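Visitor: I am new to this structure and would like a close look at a single part of it. Please walk me through that part step by step.

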Amino acid sequence: MLTLTSRRALLLGIPALVLAGGIVTAGAMMRSVPSDLDLALEKPTAAGLYKAAIAPQTNPVSVGSMHAWTVTVLTPTGAPIKAAKIGINGGMPQHGHGLPTAPQVTKDLGGGRYLIEGMKFNMRGWWTLDLAIDGPKGADTVTFNLVL
Amino acid sequence: MRRAAAILSSVLFGAGLLAAGLHAASAPAVRWTEEERAIIRSLALDALPPLPTDPSNRVADDPRAAELGRALFFDVRLSANGQVACATCHLPERQFQDDVPLARGVGTTTRRTMPIAGMAHSPFLFWDGRADSLWSQALGPLESPVEHGGNRTQYAHVIAEHYRERYEAVFGPLPETVKFPPQAGPVADPDATRAWEAMPEADREAVNRVFANIGKAIAAFERTITPAPTRFDAYASTLGAGILNEDEVAGLRLFIGKGECVNCHNGPLLTDNHFHNTGVPAASGLPKDLGRAAGAKLVREDPFNCLGPYSDAGEGDCSELRFMAADGHELLRAYKTPSLRGAAGRPPYMHAGQIPTLADVVAHYSAAPAAPAGHSELRPLNLSETERRQLIAFLATLNPDPDDKGRNGF
Ligand SMILES: [Cu+2]
């Protein structure tokens, strides 16, 4: 399970990270990120079929480089979901564009964990990562927010 | 206490006013937030990471290969008419570009020549990213009927006659080139194509290998071409007073703020190395240009790409190609974000040199016209005349320091 500490570590590891809520001052570079943005890296999927968590394999996550992430898919009670099919999408809601690459799940790491390769963020700002999860209980989606 | 000191150190005064000894209160104070300072520093040349390795080119960092590549880069024998070298369009004293809208080799191309400094940091080359390494990029113009205009066996013969020793020291023995036709290759010239198709498969393979190695040597040379420090870099590392004037600082503020230029022009090379449709008008008289939508397919099919038989890459390499976004409406008429280092000194602009001056470029980004095809990512900025002038002033601070000319050979 991802604790607040590990989430913080991820966020603080991103160089010059913009913390949502208050710190983005007038005249700062980007459209301000919504202050109520949910930055949780672990959450239930939209219809509640699963619980999903994401974590970068390398820290910090820097703009412009390729990196791998792991996704963990569990039942709401925490049992690993095996052989899930996971589609990856995303983009920058404030810029109206998608991900610059086409990341894919390349390995089933076991215990409900999957390796995503080919992730890249080519700009600073607010990104979403949308996962479409197809598992034994059906298809569901989940969206994570990342700010870098 | 620390906070006060930080704010004080970020207060700048217009250099001219300071020099004139005017009272500080009459000069507008320049104050950057912590975030802004981080962004400015992230653009500085000293934040540039070391050259990424190129696993697809095992001689990428071999100085002998770079020396060979340098010679090949300037060699006009690598052309149909004995008059065109890489350096014909990539002029070393002109930031390795040629100042004209459309590059001219043995004929006229449909694209603006791109500069070379720092390109080794870029995962995809050409305006449409149809090559995924410096070495595979170098092969394109060699076979283009309007650039070098030659063919693969012709080039293999040039190597055997004039570079045998240097080539073999780096790449090992040349194949027996005497048996190859003088002019053969998969090019526009039908005679050369026929001769190529008549060659045994093994001979074609051997020639392809020599051809790929020509690219790898040129790439090794191009990896040594690095951007020179600028006045902006001096400012970014210290944020000190007296380096940039008031207009330049105001332009920098627009660049990282209201102008949103830094969204795409980010990092020490001021490019995100990606492809964007910014509504650049189609160049008149040229065929339909799909940009990245075509380039992504071409690089995937290129036998000289990172995953191809002439690549030295191993398992797990080539992630840029393997995870490349190859489909989707965003690719249509999307072109590579150019580095802005030196850009103010090299008009005309855009992938076909359609926009003559920097003022016109800034006006384009401010107005954000609709794209001729696909969708522009821009939104109107409505910059005032003053703001446009300030942006242009800032962009000129990214020109290489004239005193530094020749430091790396450019
Ligand atoms: Cu964006």
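Guide: Gladly! Let me begin with a term: two strands count as paired if DSSP finds at least two bridges between them. Keep in mind that this is a predicted model.

With that in hand, look at strand S1 of chain A. Three bridges join S1(A) to strand S2 of chain A, residues 51-56, and the two run antiparallel. To find your place, look for A:Lys43, which stands opposite A:Ala52 in S2(A).

Now widen the view. These strands belong to an open sheet of five strands in chain A, in the order S1-S2-S3-S7-S6, with antiparallel pairing. Strand S1 (42-44) and strand S6 (104-110) are the edge strands, since each pairs on one side only. On average, neighbouring strands of this sheet are turned by 25° against each other, with direction ignored.

The copper ion has four protein donors: A:Met92 through SD, A:His95 through ND1, A:His97 through NE2 and A:Met123 through SD, at 1.9 to 2.4 Å from the ion. A:Met123 sits in the loop between strand S7 (113-119) and strand S8 (126-135), while A:His97 is in strand S5 (residues 97-98); the pair is 26 residues apart and links distant parts of the chain. A:His97 and A:Met123 are both buried.

Along the sequence, the donor residues follow the spacing M-x2-H-x1-H-x25-M. Why is their arrangement around the copper ion called tetrahedral? Because the four donor atoms subtend angles of 100 to 128°, and the label requires all angles to lie between 85 and 135 degrees.

How values were computed: Residues are numbered from 1 along each chain as its sequence is written. Chains are lettered from A and ligands numbered from 1 in the order in which they are written. This is a predicted model: local features need pLDDT of at least 70, side-chain atom pairs count only at pLDDT 80 or more; totals for chains, interfaces and linings use all residues. Side-chain values use heavy atoms; hydrogens and water are left out. Donors are N, O and S atoms within 2.8 Å of the metal (3.2 Å for Na, K and Ca); water is not among the atoms, so sites may look incomplete. Four donors count as tetrahedral if all angles lie between 85 and 135 degrees; four count as square planar and six as octahedral if opposite donors are over 155 degrees apart and all others between 65 and 115; anything else is irregular. Helices (H or I, at least four residues) and strands (E, at least two) are DSSP runs, numbered from the N terminus. Buried means under 20% relative accessible area, exposed over 50%, partly exposed in between (1.4 Å probe, protein chains only). Axes are lines fitted to C-alpha atoms, for helices over the stretch in contact, and angles run from 0 to 180 degrees between N-to-C directions.
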